[in-house]
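Hi everyone, thanks for coming. I'd like to walk you through one model today, so please have a look at it with me.

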Amino acid sequence: AMVDAESGLSLTIARVVQRLRGSSLHSQLERQARVSLHKPEIKLESLKEDIKDFLKTSGWEKKLQNAVYSELNVFPSPCHPAAPPEHMKEPLAYMRKAQGSWEKRILKSLNSMCTELSIPLAQKRSVSEQKELLNKWNEMGTDEPDLSLFRPVYAPKDFLEVLMNLRNPNYENGEQPSFRNHLGLIQVPLKVKDIPELKEDFSELGLNIGQLGIDDSAQVPPEFFENEHVRVGQKVLAEQDSAAAQQYVRQGCPTALRADLWALILNISNQPEDILYYEQLKSNVIQHNLLVDSLIYKDVKLTASNDDYYFVFEDYLYQVLLCFSRDTSVLEHFAYSSATPPKSYIRGKLGMEEYAVFYPPNGVIPFHGFSMYVAPLCFLYHEPSKLYQMFREMYVRFFFRLHSISSHPSGIVSLCLLFETLLQTHLPQLFYHLREIGAQPLRISFKWMVRAFSGYLATDQLLLLWDRILGYNSLEILAVLAAAVFAFRAVNLMEVTSLAAAEAVLADLSTLKVMPLLQIFLFATVT
Amino acid sequence: RGGWWPVRSARSEERWDFHWCDVGWLHEHFDHAYLDEHVRVCHFRNHYELTRKNYLVKNLKRFRKQLEREAGKLEATKCDFFPKTFEMPLEYHLFVEEFRKNPGTTWIMKPVGRSQGKGIFLFRKLKDIIEWRKVRTTLYFWGMSNWNLLFCCVWLLLQDGLRTDDQKDETQVEVYVAQRYIENPYLIGGRKFDLRVYVLVTSYIPLKAWLYRDGFARFSNTRFTLNSIDDHYVHLTNVAVQRTAPDYDPEKGCKWMIQRLRQYLTAKHGAEVVEVLFADMDNIFIKSLQSVQKVIISDKHCFELYGYDILIDQDLKPWLIEVNASPSLAASSQEDYELKCHLLKDTLHIVDMEGRLTGKEKRVGGFDLIWSDGPVSREGNLDTLSESFVANSHLGCYNDRKKQLKQLFRSLRA
């Protein structure tokens, strides 16, 4: 076991080094080291030590630490050195297969839309079109293209149907569903946490610990918690320490510090090369028209533009999502995602690998509601390239797991199972009642979790929830919140007699206070 | 509801206790009716001193001068929250002088008597006024210089063009104000917005004013640009005008609650900057009320709920656009409906026809007392002085009015 741990560690180190080698941080460090050679305190005899000290005092070591921390957060720990690369994507074969079939279906749907409307997947814009788009870049929302023929490639409920039919072929479960089994829609045997384990994982949400979202309410004097918490937050920002920031936000971010804290945790610094990269993506958008652009337009018009609070940010959403579709750096996340980017072939060269391209260039086909991942970030970031980078990082760390089939504990399948298990274990009467009237709870909560509650909660509450997603580097809190919402409205739900009535009870979550709900469900409910 | 009977019509013979009247009724009946001690009416007789644009500018200018005399130049600058305004046609001389001194600036012309954005237009060059309406071949001679003559002709032709056929039968010339247009409004998502804030005045002498915690930001449906002066819809953010814009979607609701705006600004600029902004807004409310304090006929039967329209510029300076005496109580969404219901309920609580309050309350429901013959501090009681003064204003803060009302009335019963 000792040997395994060591080899695991050295594998991790090797991987992190490989990822950071050649990055801009690497070249900056090298440059800094070279510059420091001119400094009087650097002596030839103790060159290595002196340079190390210099990097430490000038803050560069901290930057390196943050970069390493970021890498560790994003990439899963390597499995056995002999494991094939697909195992990093998804270790279970049946899950890989299911994801593959789902992807085929999506691509088929996209292709048939393409053929029906006889619109090419990609097309170069004419010079006059390019000019027009460039002029309108900051107000693309004023464009009213005819989108009536386009339909979203899929909606969350289509995805739920697929997940419901997931089965592990190695698992023989001939028994009828009963209380000894799982009564919910998800029928795969993944390991999910129970409340005692969740209490341990989310210990900072405990009753004795101060939280933003609870202990900063008007009745509580700020001296008790809020003032000190803000002070600590400012200190964390001054130190520029990613790991400390991640620990800090578990208790919530003060509104004024949130934008900087999230950027610190995700290690986004908006360097000139990042801005340049964004501008490059923008010029790609100007030059070429993609079919997915219309899907994006349609999605924004249908969802974010109709939202009472996010409608204001409509233009930003186009600026982010259109660039996102063209960003090939997003392809890197497929190394640890169970998904595989769809391939398309240059016209006339079907099947010839040399003429294969990923479509869209970032490999992500948007679905109905996708733009809601971006909308809350508009509250925090106003500079387009920074907003863009924050969204991209959130996507490749978290959001991609919400619409791909995998066994990962933060993957949507696990979240659904966690939700159903929590409900069945702690509110069995409610679960049974809802099941009997044909209102399986997951049918209602699925859309909340797929969207990470964006558009369902009030913005300030949503941001408090996303604070914890970043703080715990996990999406499990979404399932816990979903269960907590059901627990909160249990009395009303027990009285309904149809799915429609149950939906109505849970239609409006905009008045909910997220943190008290989570605290009560995890720490104040009798288990 | 609440034990009150609605009376069909408030004729002088019928006895009534509370009249939520419109301004028209007020002008007609108020001077002649005898009002019992306990009766309450929702307007002050001459509220137009505050709510008509030309009177407001006159009162503010006078008050500013007085303040400068009494307290010095620095104190007087606290009144600089009203964009430069000239009454037309009375002050057109002064206006033209100002206009010539600042070429290329944009001005907005607003009729004083109308609301809901009717009759408003923008101009940069005097010739814009001329081109704005087809010129009819009627000339009036006023015996003035050529330039003035031209202006007056244009003025009267405009009047003709703007008036409906019914209005043309009246012989009065409509009064307008020309106001410096704020060219650098604060934008969110590329859109301009203004704020609607509610201030309740229960007495002018002594001045007692309450500020409601809720309010909203009204967004323009289209992106802001100075190039489209003719686009009525961009520049006017009144919901009434927006309702007729071609891409207006009533379900969309171009409003944000002020709490949301406050959070957005705090996230963007930090808490201290936002505190200053809101303190500047408090200053607008107080100073504007003080400027008409001596002119308004204070009557113990009267109270008034004002709707303040505030515009924030890119330097986070708030500007007073206008004060409405009859703020619209029509609701454009469920959230809006609830806000206005609660606003009215709390107004009635403060008017206190049942005589339940002690008069020393600093908060009733969603209203915070911000001025009671002097600034009101958050800490301590109304009569006592506290060492550290923090204003008792909570605009855009959490409004737990139900809870507060419960506690208040429970303690009053005891």
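Let me start with a question: which residues form a nonpolar patch on the surface, and with about how much accessible area together? They are L9(A), I13(A) and V17(A), and together they have about 270 Å² of accessible area. Accessible areas here come from the Shrake-Rupley method with a 1.4 Å probe, and for residues only the protein chains shown count as cover. A patch takes residues with over 30% relative accessible area and no salt bridge, joining nonpolar side chains (Val, Leu, Ile, Met, Phe, Trp, Tyr) within 5 Å and like charges within 9 Å. I13(A) sits in helix α1 of chain A, residues 2–20. Helices (H or I, at least four residues) and strands (E, at least two) are DSSP runs, numbered from the N terminus. I13(A) counts as partly exposed because its relative accessibility is 47%; the classes are buried under 20%, exposed over 50% and partly exposed in between, with a 1.4 Å probe and protein chains only.

Before going on, a word on the ground rules. This is a predicted model, where local features need pLDDT of at least 70 and side-chain atom pairs count only at pLDDT 80 or more, while totals for chains, interfaces and linings use all residues. Residues are numbered from 1 along each chain as its sequence is written, chains are lettered from A and ligands numbered from 1 in the order in which they are written, and side-chain values use heavy atoms, leaving out hydrogens and water.

Now the backbone. Most residues other than glycine have a negative phi, and most peptide bonds are trans. Here is what departs from that. The bond from Y359(A) to P360(A) is cis, with omega near -10°, and P360(A) is in the loop between β4 (356–358) and α16 (384–397) of chain A. Over in chain B, the bond from I205(B) to P206(B) is also cis, with omega near -5°; P206(B) is in the loop between β8 (191–203) and β9 (208–223).

As for positive phi, Q240(A) has a value near 55°, in the loop between α10 (226–239) and α11 (242–248) of chain A. N267(A) has a phi of about 60° and lies between α12 (255–265) and α13 (272–287) of chain A. Q240(A) is partly exposed at 41% relative accessibility, and N267(A) is partly exposed at 32%.

Back to the loop between β4 and α16 of chain A, where F367(A) also lies. Is F367(A) buried or exposed? It is buried, with a relative accessible area of 2%. Among the residues F367(A) touches are Y154(A), D299(A) and H403(A), not counting residues up to four places away in sequence; contact means heavy atoms within 4.5 Å.

Finally, the interface. The contact takes 25 residues from chain B and 24 from chain A. About 2,200 Å² is buried between the two chains, and carbon and sulfur atoms give 56% of that. Buried area is the accessible area (1.4 Å probe) that two parts lose on being put together, summed over both. There are two salt bridges between the chains, a salt bridge being a side-chain nitrogen of Lys or Arg within 4 Å of a carboxyl oxygen of Asp or Glu. D460(A) pairs with R260(B) in a salt bridge, with the closest N and O atoms 3.9 Å apart. On the side of chain B that touches chain A, β9, β10 (255–257) and α11 (258–269) each give two or more residues, and α11(B) provides the largest share, six residues.
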